[in-house]
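Subject: Structure handover

Hello,

Here is the structure, with notes on what was found in it. Please read the notes with the model open.

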Amino acid sequence: MTTRVFEKWYREDRLPHIFCTGCGNGTVMNCAIKAVEEMHWEIDDTIFVSGIGCSSRAPGYMSTDSLHTTHGRALTFATGVKMANPDLNVVVFTGDGDASAIGGNHFIHACRRNIDMTVICMNNMIYGMTGGQGSPCTPVGKISTTTPYGATEPVFDLAELAVAAGANHVARWTSYHTKELTRAIETGLATEGLSFIEAMVQCPTAYGRRNKFRKATDQVEWMRTHAILLQKVRRLEEEGKPIPEEHFAVGEFVHRQRPAMGVRR
Amino acid sequence: MKLKIDERRCKGCNLCTIVCPYNIFQEGRKLNERGIIVPVLDRPERCTNCRLRHLYGRQLCGACQMICPDQAIYWVEEDPYSEESVVIEF
């Protein structure tokens, strides 16, 4: 007997996948599949939807039904699936460019409608697949092919955006925090209404190489040391102290019970 | 149980070396036949899941398996007495 990871859910004939060495998307796939397995969902009742991008390759490696749709429109296709058959469990994989740049409008409206699905956003802070262009999530001062002197635009905080737009469960973790990420996805799957989980992942090829992370492990270490718990961020804000530079909040942003759409009766 | 790395899947990113609480995974030095430097296992019998899985009856720790982006880390059931291979000399 061997204990491989979730043999049932991965398409063994498709592995190894095409992600680069050290890419965090595989880790997030592991976490998502573990959470789905702990929900005891059937393969026939689950559907994975994705748009275009590195992260959106993920459903191709899973043995469930999946949709690989147009750029930024993963959430619209997922809405259609959910409206057509509310008995299906819909999980959407999307990236930061997919969800916030080209599909930003669909994203906020999916949050507003509060459709019963789980959105896992793998935020690698860059457009990885097309050669490392700057995305709305590229941090200020970081180098990409379209921002060779450092990005100057303010960053989109996707988790806060989802909270403001009205999602029912919002969390953010990194690909280093696998246990917490799995737990957050599991809570999201169990929550009625749209649950948005932002997973910060490393991109050693397009992002790390240009930003002084020589190896994938360096960027994971950076994420580990620069992630602060949301409770600590709130406490620092109450005390009027500044949040340390380049740090980002991780944790469960919101968990509420707004009326949801497309819930199974 | 025995800890193993699937050399057909591993891409040599060394993420497992930073999560193992016992530092079982060490950066390798040799290229394998696919041209990838696979991590080497330093005394893998210390692994928590190897030692205690049958006692607890569930998956323990498993941080390396979860963080491995290539799904290359797995455990195999150990065959008793497999170490002592008998060589018959004629």
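Predicted model: local features only at pLDDT ≥ 70, side-chain atom pairs only at ≥ 80, totals over all residues.

Residues are numbered from 1 along each chain as its sequence is written, and chains are lettered from A and ligands numbered from 1 in the order in which they are written.

The axes of α1 (residues 25-38) and α6 (residues 178-190) of chain A come within 8 Å and cross at roughly 45°. Axes are lines fitted to C-alpha atoms, for helices over the stretch in contact, with angles from 0 to 180 degrees between N-to-C directions; helices are DSSP runs (H or I, at least four residues) and strands likewise (E, at least two), numbered from the N terminus. α1(A) and α6(A) are therefore oblique to each other (angles under 35 degrees are roughly parallel, over 145 roughly antiparallel, 65 to 115 roughly perpendicular, the rest oblique).

Among the residues making the contact are A:Cys31 and A:Ala35 of α1(A) and A:Leu181 and A:Ile185 of α6(A) (contact: C-beta atoms, placed from the backbone, within 7 Å).

Between the chains, 19 residues of chain B are in contact with 23 residues of chain A. On the chain B side, α3(B) gives the largest share, four residues.

A:Asp157 sits in the loop between β5 (118-123) and α5 (158-165) of chain A.

Regards

Terms used: Contact = placed C-beta atoms within 7 Å.
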